[in-house]
Amino acid sequence: MIRKTISRIYLVLIVLFLYAPIGTLMVLSFNDSRTSVKWGGFSLKWYQRLLENETILAALGNTLLIAVLSAVIATLLGTSAAIAIHHMKKRSQSICMSIVNIPMLNAEIVTGIAFMLLFITMGNLLSIVGIHFEMGFGTVLIGHITFNLPYVVLSVMPRLKQLNLSMYEAALDLGAGEGQAFFRIVLPDIMPGVLSGFLLSFTMSLDDFVITHFVKGLGADTLSTLIYSELRKGIKPEMYALSTIMFLAVFVVLVFINLRPQEMSMTDRRR
Amino acid sequence: MGNRLIDLQHITKIYDGHKVLDDLNLYFNENEFLTLLGPSGCGKTTTLRILGGFETPDEGRVIFSGEDITSLPPNKRQLNTVFQKYALFTHMNIAENIAFGLKISGKSKTYINDKIKYALKLVNLDGYEKRMPDSLSGGQQQRIAIARAIVNEPKILLLDEPLGALDLKLRQEMQYELIRMKNELGITFIYVTHDQEEALTMSDTIVVMNQGYIQQIGTPEDIYNEPTNAFVADFIGDSNIFPGIMLEDKVVEIFGIVFHCVDTGFGRNQPVDVVIRPEDVELGTPGTGTLDGVVSHLIFKGVHYEMEVTACGREWLVQSTKMHPVGEQVSIHVDPFNIQIMNKPESEDEEAVVLDV
Amino acid sequence: MYRKSLSYPYLIWAAAFIIIPLLFIAYYGLTDKSGAFTLANLAAIATAEHSKALFLSLGLSFLSTAICLLLAYPLALILSNSRFGRSGFIIFLFILPMWMNFLLRTLAWVVLLDTNGVLDSLFQMLGLPRFKIINTPAAIVFGMVYDFLPFMILPIYNVISKIDVNVINAARDLGANSFQTLYKVIFPLSLPGIISGITMVFIPSLTTFVISTLLGGGKILLIGNVIEQEFMKGTSWHVGSGLSLVLMLFIILSMILSSKYDHGEGNVL
């Protein structure tokens, strides 16, 4: 009993620790005063101004577009890679998995500058043949796809391992072609893994700063790089308002998903 | 049993340098219940997968009604498989599972619905259309797997150890069910198992396999009563297998003692293997049989007692309804009809196999 | 399903955007401006300024990794023993905060840790000593622990929650008390998770430049800050690459360490 109470208290403390800054930002988004130190009364004015702030809205647009595109492309690339790797012989499988893991295990700053060197060299080489290439939206997208890939592969892989291969063979046996068997039988079965890979990718892309910082060049600010560039001048409270909206939106969605009847996850576990 | 339906000709399959099947020749008739029987690794499942189209043989051909289907993919073959662990589609309900093959081949809705009803009736699971596979017991899932296969009206149903995951009672029940279904459908069942009892109960024909070779083909009675070699004898039920010398026709010597038998044509003074089923060893009071021994072990097995008798320095396995306590002196007698003489395996390799088992 | 060609798009992508960029770092790190081979960029780590930054980074990241481990292990045990572990709670705990921008989340600690900030005021109210850690290495460690704690909890939790209950029951059955069970059975079995957690916290801590910029007041230079400045302030890409190569030595070391102990059970996911 005592142990249970202590456990509860500990859990609450950790949650407090993880959510204290988030709570702080939410409070600040309603703070009438511009400075973050003083409470100037409740106000919704930052939410109003957010709608008029084109810089922030443009960065939001970039951020979301990059997150969606990079997550979609990484999911397609990563899922097909996972399937291929799953069927490889042990040796090539472990070599491939080490490559998959590199962007996740390597330091972000190293990945970032590696990209920067690649893109700048590419730009120099292409300018020789008269093609203009510089860092921007495209290079940020490439960077995000690359660091999203391991999350997709690692989400799909366990699903493939659980997949009963004879289900695929049964589909062929019952007259389905390879494509039909894949889309009707295999894909639905690994879908939870594919989806969680997609969502993780989306979240990682949204939250990234370091790699974007190195590959964005002059244009293509995301929310993260915009915030970083505002550090000196002080962060605009509109940013707090935007973050609060995004956070609460996701919170509501997650609560909704988790409060659904647990049927799905029950059958998942039995498998 | 009707005409030849499918022919395996000179099939060889090699995995990682290891020959799983070596020049296998086998044919299957219409409306036949044929069992491929053997220990794990004997090549029976590989044979089945070659029939189903999941493996391509390295050498040899598969002929189906006169047509070469060796490299035809599984979805183009007129046979269906019941997989070892059922392989039901877990995200579809029972009706959708059964309808899968029919939808692929573009059958009409009413036809599909009729077929589902018919199939569920056949496997005694009427009314289960809307259930999910996860909510069914192992035995029920097994029946659905069969229903899903047979609605496509295959000429041959391949069954890969379909009862392996079920408990004993259910397994026996399903054995009768399978025989009934086979008779009702009038198609060929090719059944893979390592369980000799299952094979003996259900089959019209048994093919005993070991290490990629066919050891014997025959009816259950043939296989049980007249195994062609020590491997088959040992694999099908318990056996006493002794080295002997065929002195002349109908006379064999085991451990220096002469037994009479009914086999002829082995020549004179030829070394042979002698198989005696434990239920064929008759025990009596000392001095009344061919040789005497002492009971060294006794186990009650329900239907009968199983005893080991030490005689001539060897253990004789005996099954009898009459109990003889450990330490009792007994005589051993074997009816000449019940002594089965087999040639010694020719190659050392084959002998090694026998010792292995 | 079995087609090898499915892996080609990925392999091409990986070659172009994972392998080749790393070769660029190696090239720049081992050459000078004229393109001649040199080890001078690697040796640049030995200058007083750089080695001070490296040692400070190593120290702070060791410290934050240790704190993360101490905080995470009991939490992982608690989560794996309670029904929270089985619901979507884990996701709420670790994935959801990522939807509040990483920079803002970290910056919020400035408000909380600042002199006369929330925590300082709380300490004053309770009559405790003043809480002044902003712009000190302590604040940086604080930020590291905050940002990377989930990466320690998740792998340990994943491994512990997969331990067969009967293994623990067997230990109890054989006479071990709950502490002995933890120490002799659960702990050794959870090692892959711990190793994986350590690499997942140590490497980002060692290489960060954001946390030190945000919470160190711009006065404290970590090795990450040095490298970032070499590139973004345009000082020298060659020296920056050379320092990165030195940094990668630590990364490769910990990757080898983790692959030795971890056979996939300790994955973060």
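How many residues of chain B are in contact with chain A? The count is 21 residues of chain B, which meet 18 residues of chain A; two residues are in contact if their C-beta atoms, placed from the backbone, lie within 7 Å.

## About the model

Please keep in mind that this is a predicted model, in which local features need pLDDT of at least 70 and side-chain atom pairs count only at pLDDT 80 or more, while totals for chains, interfaces and linings use all residues. Residues are numbered from 1 along each chain as its sequence is written, and chains are lettered from A and ligands numbered from 1 in the order in which they are written.

## Where chain B meets chain A

On the side of chain B that touches chain A, strand 6 (79-82) and helix 2 (94-104) of chain B each supply at least two residues. Helices (H or I, at least four residues) and strands (E, at least two) are DSSP runs, numbered from the N terminus. Helix 2 of chain B gives the largest share, three residues.

Sorted by class, this side of chain B has eight nonpolar, 10 polar and three charged residues. Here Ala, Val, Leu, Ile, Met, Phe, Trp, Tyr, Cys and Pro count as nonpolar, Asp, Glu, Lys and Arg as charged, and the others, Gly among them, as polar.

## Where chain C meets chain A

Turning to chain C, 61 of its residues are in contact with 63 residues of chain A. Several helices of chain C each bring at least two residues to this side, including helix 1 (8-29), helix 3 (48-81), helix 9 (178-207) and helix 12 (237-261). The largest share, 12 residues, belongs to helix 1 of chain C.

By class, the side of chain C that touches chain A holds 48 nonpolar, 10 polar and three charged residues.

## Chain A itself

Chain A has 12 helices and zero strands. Its C-alpha atoms fill a box of roughly 70 × 70 × 35 Å along the principal axes. Of the 271 residues in chain A, 44% are buried, meaning that 20 or more other C-beta atoms lie within 10 Å of the residue's own, with C-beta atoms placed from the backbone. Among contacts in chain A between residues at least 6 apart in sequence, 77% join residues at least 24 apart.

## Two domains in chain A

Five residues of domain 1 of chain A are in contact with six residues of domain 2 of chain A. The domain 1 side has three nonpolar, no polar and two charged residues.

Definitions and conventions. Buried ≥ 20, exposed ≤ 12 C-beta atoms within 10 Å, placed from the backbone.
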